[in-house]
Structure formats: structure tokens, C-alpha cells
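Here is a short briefing on one protein chain. Take a look at the structure first, then work through the points below.

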Amino acid sequence: MNYKDLDLAKHSKWSHFGTWKSERDIVQESIAVDELPKETYYSYQILLIDIKSGNVASLRAQLEAYLLIVSNHMKICIKTLIENFRYVKNSLATQITNECLEAINYLIKCIKRIAFGYRSYFHFK
């Protein structure tokens, strides 16, 4: 989640922490444990900003710079992005999505789930 979208005003009781904290407090306390989670989190936030703004040159530079300082799980993601960067660049440039196709697939699956009890394919159809 984007750091700016974390809720600062609403406090909830978190069983792990035992006190009332906001989402932002939880993130701050969690990444303060060690330097690696902190570097990984802030690197992710900068990459997220580059992706949302569509800044391809900065994204490529940040990916290569952060490859050495983030956690192993994030390294796998960064390596995948670097290997497929031409596709990432293409998707950032065109703004074309497959959301219409996904919506149609979702509708078909809902209809099939609702019509599960039909005995014959003719009635289902």
C-alpha cells in the first residue's frame, strides 16, 4: 500500500502489539526492527511512485540501484522486472489494460456457479 494511503487517524487495537495504533504506526514500528525491512519498504515506495507516474527512465535506474540493498524476496521481483523490462515499459506507455476481458470472465464464472444444479446442458445454455 502506498505510504500516503495508510490511515493515520483511525486507531485500532492490534492483538500482536497489544495497544491502540494506526496503520502508519504499525508500519513504522515494523520496519524499525532492522535496516533490511526499512530499506526494502522505502525502495518499494519509490518504485511504486515511478510506476504510477510512468517515469520509465527513473524506474529502470531505481530497479538496478535497489537490487543490492533489498530483501531476497524483493530481489526476485526486481530481477523479474528487469528481465521483462521491455514489457513493463510498453505497459506504462500505452495504458491499455485487460479489465474488460477480466470482467467478462468473471461474469461467465458467476453464471456457471449459479447454474451449477442444472441437469442438462440444454437447460444450462
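Predicted model: local features only at pLDDT ≥ 70, side-chain atom pairs only at ≥ 80, totals over all residues.

The axes of helix α1 (residues 23-31) and helix α2 come within 8 Å and cross at roughly 130°.

**Where α1 meets α2**

- On the α1 side, the contact uses V27, Q28 and I31.
- On the α2 side, the partners are P37, K38, Y41 and Y42.
- The residues of this contact divide into five nonpolar, one polar and one charged.

**Aromatic pairs**

- How many aromatic pairs does a search of the whole structure find? The search finds two.
- A pair of aromatic rings is described by the distance of the centres and the angle of the planes.
- Take Y3 and Y41: their ring centres are 6.4 Å apart and their planes stand at 75°, so this pair is edge-to-face. The cut-off for that label is over 60 degrees.
- The Y3 and Y41 pair links distant parts of the chain, 38 residues apart. Y3 sits in the segment before β1 (12-13), while Y41 belongs to helix α2 (residues 35-53).
- Now take Y41 and Y42: the centres of their rings are 5.7 Å apart and the planes are at 65°, so this pair is edge-to-face too.
- Y3, Y41 and Y42 form one aromatic cluster.

**Buried or exposed?**

- Y41 has a relative accessible area of 15%. Y41 is therefore buried, since the cut-off is under 20%.
- Y3 counts as partly exposed, at 26% relative accessibility.
- Y42 is also partly exposed, with a relative accessible area of 35%.

**Charges over rings**

- Which residue lies over the face of Y3? R24 does, at 4.5 Å from the ring centre.
- R60 lies over the face of F85, at 5.0 Å from the ring centre.

**A look at V88**

- V88 is found in helix α5 (residues 85-94).
- Is V88 buried or exposed? V88 is buried, with a relative accessible area of 18%.
- Leaving aside neighbours within four places in sequence, V88 is in contact with L59 and L81.
- V88 and I49 are 39 residues apart in sequence. In space, V88 and I49 are 14 Å apart, C-alpha to C-alpha.

Conventions
Residues numbered from 1 in each chain as written. Heavy atoms only, no water. Phe/Tyr/Trp six-rings, centres within 6.5 Å; stacked < 30°, edge-to-face > 60°. Helix = DSSP H or I, 4+ residues; strand = E, 2+ residues; numbered from the N terminus. Buried < 20%, exposed > 50% of the residue type's maximum accessible area, 1.4 Å probe, protein only. Lys NZ or Arg CZ within 6 Å of the ring centre and 35° of its normal. Axes fitted to C-alpha atoms, helices over the stretch in contact; angles between N-to-C directions. Contact = heavy atoms within 4.5 Å. Nonpolar A, V, L, I, M, F, W, Y, C, P; charged D, E, K, R; others polar.
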